[in-house]
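Biologist: I want to learn how to read a strand and a charged patch. Can we go through them one by one?
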Amino acid sequence: MVTDLDVDSTFKRFVEVGRVVLLKSGPYTGKIAVIAEIIDHKRAVIDGPTTSVPRQSYPYKHLTLTPLALTKLPRGSRSGAIKKQLEKEDTLTKWNNSEWAKKRAAVEKRRGLNDFARFSVMLEKKKRRDGVRKAVKASKA
């Protein structure tokens with residue numbers, strides 16, 4: 001039975017088997033995994049066979065739910081079944097093409113710059129800003 005609460009819900013991402021999650025802390029920070037089983041209201045079993053995240057119990061407070069979810073994944077699926085489903089639905093490509101993943105990659109790239117590279121980026125930004133300023137001034141005239 002569908003009620004008005006089900007239709008008008010503002011929440012779109014739920015903790016469910018097959019939900020793709022981003023790990024926020026621990027040794028696998030920044031990697032994605034899939035919820036394989038729900039343990040209780042604080043923990044779930046996650047598995048990332050294609051991202052080298054081993055099957056383990058993980059607290060929800062260290063997970064970020066993504067909009068991606070695997071369809072028709074049974075509860076307690078093993079790594080092989082999860083890997084087949086990930087490849088079948090091409091989930092990793094969808095994640096890598098998302099704006100969220102691209103922004104995370106750009107931030108990581110900036111964090112990896114040395115002093116000279118940061119200086120070069122600053123000069124390029126100044127050059128671009130100057131070009132925009134001149135174009136705006138020319139369009140007003």
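Modeller: We take the strand, then the patch. This is a predicted model, where local features need pLDDT of at least 70, side-chain atom pairs count only at pLDDT 80 or more, and totals for chains, interfaces and linings use all residues. Residues are numbered from 1 along each chain as its sequence is written, and side-chain values use heavy atoms, with hydrogens and water left out.

Biologist: How many residues of strand E1 are buried?

Modeller: Buried means under 20% relative accessible area, exposed over 50%, partly exposed in between (1.4 Å probe, protein chains only). Strands are DSSP runs of E, at least two residues, and helices are runs of H or I, at least four, numbered from the N terminus. In E1 (residues 19-23), 5 of 5 residues are buried.

Biologist: Which way do the side chains point?

Modeller: In a regular strand, side chains alternate between the two faces of the sheet. From E1, Arg 19, Val 21 and Leu 23 point one way, and Val 20 and Leu 22 the other.

Biologist: Which strands pair with E1?

Modeller: Pairing needs at least two DSSP bridges between two strands. E5 (residues 63-69) runs antiparallel to E1, joined by 4 bridges; Leu 23 has Leu 63 as its bridge partner there. E2 (residues 32-38) is also antiparallel to E1, over 3 bridges, with Val 20 opposite Val 34.

Biologist: Which residues form the positive patch?

Modeller: Patch residues have over 30% relative accessible area and no salt bridge, and like charges are joined within 9 Å. A salt bridge puts a Lys or Arg side-chain nitrogen within 4 Å of an Asp or Glu carboxyl oxygen. Here Arg 110, Lys 125, Lys 126, Arg 128 and Arg 129 gather on the surface. Helix H5 (residues 115-140) gives the most, with 4 residues. Arg 129 lies in H5 and is exposed, at 53% relative accessible area.

Key:
Patches are made of residues with over 30% relative accessible area and no salt bridge: like charges are joined within 9 Å, nonpolar side chains (Val, Leu, Ile, Met, Phe, Trp, Tyr) within 5 Å. Accessible areas come from the Shrake-Rupley method with a 1.4 Å probe; for residues, only the protein chains shown count as cover. Lys and Arg count as positive and Asp and Glu as negative; His and the chain ends are not counted. The place of a charge is taken as NZ of Lys, CZ of Arg, CG of Asp or CD of Glu.
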